[in-house]
Amino acid sequence: MNRISYSQLSMFSECPLHWKLKYIDDLALQEPSIHLLFGTAMHEVIQTWLEVMYHDSIKNANKLNLEQRLHDKMYERFQIDKEAYGKNPCTLEEMKEFFNDGVAILDFVKKRRADYFSKRGYKLIGCEVPIEVDMKKNIKMVGYLDIVILDEFHNTLKIYDIKTSTRGWNKWMKKDENKTQQLLLYKQFYSKQYNHPIDKIEVEYFIVKRKLWEEAMFPQKRVQKFSPASGTVSMNKVAKRLDTFLDLAFDDRGERISENIIATPSKKACRFCEFNQTEYCNSGIKI
């Protein structure tokens, strides 16, 4: 059985050739990144803090040395990436800068914990909750939910996706369906897999910001919350996009199709594509 993730759907939607080069031709030109390293470390530290808070106590959660945990996780990811790519994933200066930003984020989240995560009447279902749903053509969609919390009084679940960002999401990012539809798909899959009423599931992007705007005229927060529209129309749209991906990228046996896969260049798709302006793609837009 072929297994796919939302990242495959997202990549195919932006540029089918990018998807083909990575998932059919098995090419990997991507360089290690301080952004990915930092994002992974922040996810793990925040999730650990929440697990202790909900499963033990707020007092013990606040005793955790989150600064040291972030330091250790970033160093651990640094070593993993260095071994995998044969080079340092970032400079020492970048590690220091991102670490200091992370400390500021964690300090803010701990101090304002009640604004984002209440414990009274709420239960942590889990972190990295697995999603595995059988699709057509003998394909399984897999994923992991960063945080799932149950409002026990209303029997309402909230699925959180943690995002690290430089200064938060602007209005264009919030309108980028390729970015926001992931949780809409997961909402449908969670309901199906865990038998929870879909109208009792909410979704939210929990965006932590490394930088604040200098000389801003208003108080700033290190956390930005964003809940995309998740009604029937929005969920049908992402379900249709997934269906189109399965039809165009896989044959009836669930094997990937390489024929008639072409590039669909755009500034957005080409900007971060590792194959842009290489021997593998001469259709890309020079950024």
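**Notebook: a look through the predicted model**

I began with burial: 45% of the 287 residues of the protein count as buried (under 20% relative accessible area, with exposed over 50% and partly exposed in between, using a 1.4 Å probe and protein chains only). Residues are numbered from 1 along each chain as its sequence is written, and side-chain values use heavy atoms, with hydrogens and water left out.

**Overall form**

I looked up the secondary structure and found eleven helices and six strands (DSSP runs numbered from the N terminus, helices being H or I of at least four residues and strands E of at least two). Along the principal axes, the C-alpha atoms fill a box of roughly 60 × 50 × 40 Å.

I then checked contacts (heavy atoms within 4.5 Å). Of those between residues at least 6 apart in sequence, 69% join residues at least 24 apart.

**Helix H6**

I turned to H6, residues 92-111, and compared its span with expectation. Its 20 residues should span 28 Å at 1.5 Å a residue, and the end C-alpha atoms are 29 Å apart, which agrees (the expected span is 1.5 Å times one less than the number of residues).

Which residues of H6 are buried? I listed Met 95, Phe 98, Phe 99, Asp 101, Gly 102, Ile 105, Leu 106, Phe 108 and Val 109. An α-helix has 3.6 residues a turn, so residues three or four places apart point the same way. For the cover over the buried residues of H6, I noted helices H3 (34-55), H5 (66-85) and H7 (113-116), and strands E5 (201-209) and E6 (223-226), among them.

Lys 137 sits in the loop between strand E2 (122-134) and strand E3 (139-151). Is Lys 137 buried or exposed? I found Lys 137 buried, at a relative accessible area of 16%.

My other stop was Gln 277, also not a glycine, with a positive phi of about 60°. I placed Gln 277 in the segment after helix H11 (267-271). With 47% relative accessibility, Gln 277 counts as partly exposed.

Technical notes:
Predicted model: local features only at pLDDT ≥ 70, side-chain atom pairs only at ≥ 80, totals over all residues.
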